[in-house]
Amino acid sequence: MVRYEGREERRKDWMTTLTTFDTEEINRSPLSNLLETAIQSDGAVLFQVIFEPRSDWSAKAQRQKGLLKQGVHSQGGLFLRTLIDGILGGASDEEKQERHRGDTPHEIGGTIHDSQVGGQRSGTGRMGQIDLKNPSHTYNTSIRVAAGDETTAKNLQDGLNHLSGQFYSIDGKHLGQNEYEYKRMLNHGLTYPNGWESVTRRKPMLVTNVEEVANFITVPSIDSLPKASRGGSGGRPTAQSPLTSPNEQVFREFSKGMTIGRAVTALRDRGEGQNDISAIESKNDWWQQLDQRDALSLSANDLTHHYIRGATTGSGKTVATLNDMLTTHHFLDGPTILIDPKGGEMCNNYLRCHRTLFGDLDDVEYIKIPEEDGQVPGIPFFDLRPLTRGAGRERATAKQDLIDHYFQLLRFVLGRETVDQAFVANEVLTNLIKANFDKEYGSDYFSIGKLMQTARDYQKHGKKYDPDKEDDPDVDQSDIIDDAVPKTSDPQVRDILKSHLQKDERQFTNTTDAVLNRIRKLKERDFIWDMLSYEVGEEHWDDSTGWYDKEDIPMLDLKSILNSNKVLLIDTGNLRGESSEIFTVLFLSHLWTSVQSIWTPDRDDYIANVIIEESANIARNEIVYQELLPQGREFNLSLGLIMQYPEQVLGENPRQNRRAYKEILNNVNTKIIGNVATDDLLAESLFHEDLDGDEIKDRIAGLKRGEWVVQLPSYAFDEQKPEILTLKPLPIPPGHREGPFNVTARADSVRSRSRARMCVGRENDAIDTQTSQDRLNNTDESDSASDHDLNDDDTPDGITHKHKSFLDLVFDALTDGVDGYTLGSPMSDLPFSDTAAYLVEEEFLEKTKLGNNELYYEPTKKAEALVDRDLSPAGGGEKGGESLTHRIGVRLAATYYEQQGYEVEMYHNPENMSALFDVYAKRTPESPDNTDKFVEVETSPEKRGHVEEDYQTLAAAPGDAVWVVENFDGAERLLKSLSGYTSKDMSSRSGNFQTMSEALDEPGASELLSINNLRDDV
């Protein structure tokens, strides 16, 4: 046993104060020391505080203050002082005044500090502290500890010493095995001082005021404990504690619909095992969970503002999504569509749960992509009829919508940079599509094979056009133009396509190769090509309904799905990530076309809920953040975006994808977030009146498995959105494989039924295989003819037109650039790159790898002789003898400044200067600043003499001196070589290129770039 006793410095000092803590300024709790010791002990510890009101001793306090004014502490002291003064002749008035001065408070309630005990103390002396003790409201207080072993008890003796006051202190006394004290403890009794103890300065109990007794009975927050002690406390840090209790309006407004979980609040008992995502024993238990008052649900109207579920793997996203789907199907009207790229058990588990809860699977469709025997869902893509005839849209607008969707598809296949930078190729492709959709000479629908044929004809016949003979009255090339340019009633389309024929043959070939590449690349994924080859003939279109007549043709008929309460499961798990995403974009394009074209129920409880698993890459596509999210509400369409964490949308290019991310955070009003890394933008989008952004991040980081923080949407247009809440998950739904129910999914029979209704194979007439075959035949004939024409006596055996074209493209990429391509991408992205291996083998090319082992090629002398070219840019000035890495660095730097609006020259000697610079970027009205750039690409920065010479050359140039190195290691070696020229010691600096570059401010070194970073930037 340990008993904490009061010890007075002088008699009656029990009237003075103990230490009190300002909890707003001091983070540690008064009981933290004692609790730490108890937690770290092996045995049991029982801590008890017993207190009772003490009689008002205000009169005693006044008498004591009177004694203190006379310089004594008790009546006995006063008597003794008077006796001594009488014997010795008395004290002067000055001496008496001096005796009293020391204990006279300057300010009652002032703060004092002393070296004996840390902490804040009230009062400056005994008299002031007696006033602060508040004699009319004090308590007799007994404090004890019982420990399981003697060592622990002794360690606890000092656990409250830090609460001692200046004159009145707490002292722990080890009582050993004291049976009487233990009985008092069990009987909740106080230990009063006995006769002798009452006259000593040490008493077995304390006299405390309200603030002091609060120190002993307030349980400390776990945050006030050291990390080593927190785990054994059984408590939860503030960051892991539930958020505020929702008001009744929250429960009323979010009471029916898609049930997302149950509110967890600080005012409710969370219960044991509340973090477990548990299975339940009966269907009724699951339904009862949904009927609980604290179950939160999203209505159809709420869902039109979309939602995100973001959490790491293993956090319960899949189970939560299954519950989302089941409750949507039961409580709301309209279809639920799931696109699942994971290829796991999610679809099968849904089938089991649906069958268990609803009795059958009649209203569930299930397909895999691709299906058996390569079958694909019938989805018309190049088809205007739903938009023009069904929805009454203008033809020009409908055409542009489908063109935009096609380019969104291409961005997944070729990459955004590759597609967006090729303005000329994009313009040609756009107008070829418009020509195929021409109202008079084209069609309302066509296949990808027809588009390929049109582009191939344009290239084949366009090569015959001679721009030098355009103004020759004796040469008529009108037949060539008519053969090349598809017939169209739109003069603008014809003029644009005709204008590209007027370029020189090499430029025209490069452009049309890029066009064909934008079509041909889709052929690398047969299932996508087959889907784009799907076309529904006019005989299967019904103008009276504004939709397809699907009786005789299988198709993924979104009209019947959108006007039903069906569940559509689409499993893309057999596809690699990129292919799965391409399918998803294709499906979303068809969905967006369909919802704009089809009448759907206008009931309050109708919603078409489309859930996309692993959706981060999909979410940054324009069809999602520019169309479906902002406009889907008009058509009662909801997107549920399931991902590991919202910031994942930024991907590998945060600057480029930042707009998409911000649009998603703005347009998605319900955010259900598990334990993930939280960025500033996400934290700012979550609202809680008492928490700032960093505190919200801490709350999210403190969530346990299965817990969520949810930002609910506003109740109404002019209402503020509710504060974020903590959610606990619904249980695993009945029928799930991890539950006690033994239910079969019947996946094969559901798939077989859905496949027959929705999917087609190449044997079906709806897949335009004939045009594709004709395209392949024409390609072979054209290539053979071209190869034969080039196989003269000067062309080595085995070298074809394709080989020469690829060599030309490599030269262009390393000198003046290629339309639609930059060296930011590997050269394997160039057209005809399939010829590279042969050219390397035959010593026309040498290969190297940069960055993440990406391939680049350098032409040899043999290649220069074959195509009669060298590596000089159009303006000349090539240095010669440089490495491929140096050449790539020069071309990347040139592209980097070209993209910023500078006039750029490679290997240039500016006027009035003798020096030759790797890159010279001249300022223009479009460039971001008014300073010319002089660039030196340095691939051997350790050669100090060479670097110093280049530094002096750059220092003399009238503009910014820019150095380009290969990587971070190259930067450190360069700065080491420049250590004698920079005002700061840069050789030991660490960080990234940006910080290193910002630190440079020298005449010959004002900016630092790297080849690896430039590859990303361009």
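Trainee: Why is Asp 868 called exposed?

Mentor: In this predicted model, the relative accessibility of Asp 868 is 69%. The term exposed requires over 50%, so Asp 868 counts as exposed.

Trainee: What makes Asp 808 and Arg 869 a salt bridge?

Mentor: Their side chains meet at 3.4 Å, N to O. The rule asks for a side-chain nitrogen of Lys or Arg within 4 Å of a carboxyl oxygen of Asp or Glu, and therefore the pair of Asp 808 and Arg 869 is a salt bridge.

Trainee: Which parts does this pair tie together?

Mentor: Asp 808 lies in helix H33 (residues 801-814) and Arg 869 in the loop between H35 and H36, so parts that are 61 residues apart in sequence are tied together. Asp 808 has 18% relative accessibility and counts as buried, because the limit for that term is under 20%. Arg 869, also at 18%, counts as buried too.

Trainee: How do you know that Arg 923 and Asp 932 meet in a salt bridge?

Mentor: The N to O distance is 3.1 Å, and the cut-off is 4 Å. Arg 923 is partly exposed, with a relative accessible area of 43%, whereas Asp 932, at 8%, counts as buried. Elsewhere, salt bridges that share partners join Arg 3, Glu 5, Arg 7, Arg 144, Asp 171, Glu 181, Arg 184 and Arg 202 into one network.

Trainee: How many salt bridges and how many aromatic pairs are counted?

Mentor: The count comes to 54 salt bridges. The count of aromatic pairs comes to 21.

Trainee: Why is the pair of Tyr 897 and Tyr 902 called edge-to-face?

Mentor: The ring centres of Tyr 897 and Tyr 902 are 5.4 Å apart and their planes stand at 90°. Rings pair if their centres lie within 6.5 Å, and planes over 60 degrees apart count as edge-to-face, so the pair is edge-to-face. Tyr 897 counts as buried at 2% relative accessibility, as does Tyr 902 at 5%.

Trainee: Which residues do ring pairs link into a cluster?

Mentor: The cluster consists of Phe 381, Phe 382, Tyr 406, Phe 407, Phe 437 and Phe 446.

Trainee: What makes the patch with Asp 690 one of negative charge?

Mentor: Asp 690 gathers on the surface with Glu 689, Asp 692, Asp 694, Glu 695 and Asp 698. Asp and Glu count as negative, and therefore this is a patch of negative charge. Asp 690 lies in the loop between helix H29 (680-685) and helix H30 (693-701). At 56% relative accessibility, Asp 690 counts as exposed, because the value is over 50%.

Methods
Residues numbered from 1 in each chain as written. Predicted model: local features only at pLDDT ≥ 70, side-chain atom pairs only at ≥ 80, totals over all residues. Heavy atoms only, no water. Patch = residues over 30% accessible without salt bridge, like charges linked within 9 Å, V, L, I, M, F, W, Y side chains within 5 Å. Areas by Shrake-Rupley, 256 points an atom, 1.4 Å probe, with all protein chains shown as cover. Charge placed at Lys NZ, Arg CZ, Asp CG, Glu CD. Helix = DSSP H or I, 4+ residues; strand = E, 2+ residues; numbered from the N terminus. Buried < 20%, exposed > 50% of the residue type's maximum accessible area, 1.4 Å probe, protein only. Phe/Tyr/Trp six-rings, centres within 6.5 Å; stacked < 30°, edge-to-face > 60°.
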